[in-house]
Amino acid sequence: MVIDILTLFPEMFAGPFDASIIKRARARGLLQINLVNIRDFSPNKHRTVDDTPYGGGAGMVMGPEPIFNAVDWLKSQRGEPDRIILLTPCGRLFTQEVARELSREKHLVLICGHYEGIDERVSEALATDEISIGDYVLTGGELPAMVLVDAVCRLIPGTLGESASAEEESFSDGLLEYPQYTRPREYRGLAVPEVLLSGHHEKIRLWRRRQALLRTLAARPELLAKASLTAEDKRILMEVMEEIKSLLS
Ligand code: ADE
């Protein structure tokens, strides 16, 4: 997969893209990340990229020309991208499902806004998608772009190696992940649950599933409604409800 990132601050990406799984995916040629400095495409000799808003108001707005110019240049180099994604708090919420959808593409262009905003014509006539990583306002689209690249990267076949696939983890079936433990068996008086030491695979599977269901119920009950629950999951949840009832009676 090729990801072109349009930004005014390419230096922000150095750390996160040069470590761990993303670094390895890049080294293996599974992921190619290109940082494009929007300022290089300014139409004027002062290399400005922003201006005061029409209609008045505080702050500066990123103009359309450097961004359209940068995308035109990319298209001339690599052809039409599959998606041109503007990172903005006004976009569709980024979820595991969106990450999965994007991981199937071959070529993404990400546009990171900055300052008070970005000229509306970028979203009207250039971007194919607008994505928000959550209901809060960041100073720019750079951190959201890093979040998106990280979540998408680990879904590209081959990036996680052959150890437990991305599918086994949180959200793959709409539930939070079960708790994990490793050595030592007891630490500061905290013991690893006995069942995990039992070697009884079926008991361990059932315990993990129950924990995933309990965690989701406690922390993110709205996810349970959307999750794909099996007959066994429903039985476990009914048992839990019975236990709660008897506690209250
Ligand atoms: N730019 C600023 N805040 C953002 C957010 N929450 N998601 C995506 N882009 C942003």
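# Close-up views of a predicted model

**Figure 1. The whole chain, as a setting for the close-up views.** The chain contains 9 helices and 10 strands. Its radius of gyration is 23 Å, well over the 18 Å that the globule rule gives for 249 residues, so the chain is more spread out than a compact globule. Along the principal axes, the C-alpha atoms fill a box of roughly 75 × 45 × 35 Å. Of the 249 residues, 40% are buried, and the chain exposes about 14,700 Å², with carbon and sulfur atoms supplying 54% of that area.

Figure 2. Arg 209 lies in helix α7, which spans residues 201-219. Is this arginine buried or exposed? With a relative accessible area of 18%, Arg 209 is buried, because the cut-off for a buried residue is under 20%. When residues up to four places away in sequence are not counted, Arg 209 touches Asp 173, Leu 175, Ser 228, Glu 232, Asp 233 and Ile 236.

**Figure 3. The surroundings of Ser 132.** This serine is found in strand β8, made up of residues 129-132. Ser 132 has a relative accessibility of 3% and therefore counts as buried. If its neighbours within four places in sequence are left aside, Ser 132 is in contact with Thr 88, Pro 89, Gly 91, Arg 92, Leu 93 and Phe 94.

Figure 4. Most residues other than glycine have a negative phi, and most peptide bonds are trans. The peptide bond that leads from Arg 183 to Pro 184, however, is cis, and its omega is near 5°. Pro 184 lies in the loop between helix α6 (142-153) and strand β9 (186-187). Although Arg 188 is not a glycine, its phi is positive, at about 50°, and with a relative accessible area of 71% the residue is exposed. Ser 20, in helix α2 (residues 20-27), also has a positive phi, near 55°, and is likewise a residue other than glycine. At 57% relative accessibility, Ser 20 counts as exposed.

**Figure 5. Arg 26 in helix α2.** Arg 26 lies in helix α2 and is partly exposed, having a relative accessible area of 31%. Which residues does Arg 26 contact when its neighbours within four places in sequence are left aside? They are Phe 17, Asp 18, Leu 31 and Ile 33. Arg 26 and Met 1 are 25 residues apart along the chain, and their C-alpha atoms are separated by 9.7 Å.

**Figure 6. Phe 68 in helix α3.** Phe 68 lies in helix α3, which runs over residues 64-78. The relative accessibility of this phenylalanine is 23%, so Phe 68 counts as partly exposed. Leaving out residues up to four places away in sequence, Phe 68 touches Arg 121, Val 122, Ala 125 and Leu 126. The C-alpha atoms of Phe 68 and Ile 38 are separated by 9.6 Å, while the two residues are 30 residues apart along the chain.

Definitions and conventions
Residues are numbered from 1 along each chain as its sequence is written. This is a predicted model: local features need pLDDT of at least 70, side-chain atom pairs count only at pLDDT 80 or more; totals for chains, interfaces and linings use all residues. Side-chain values use heavy atoms; hydrogens and water are left out. Helices (H or I, at least four residues) and strands (E, at least two) are DSSP runs, numbered from the N terminus. The radius of gyration is taken over C-alpha atoms; the globule rule is 2.2 Å times the number of residues to the power 0.38. Buried means under 20% relative accessible area, exposed over 50%, partly exposed in between (1.4 Å probe, protein chains only). Accessible areas come from the Shrake-Rupley method with a 1.4 Å probe; for residues, only the protein chains shown count as cover. Contact means heavy atoms within 4.5 Å.
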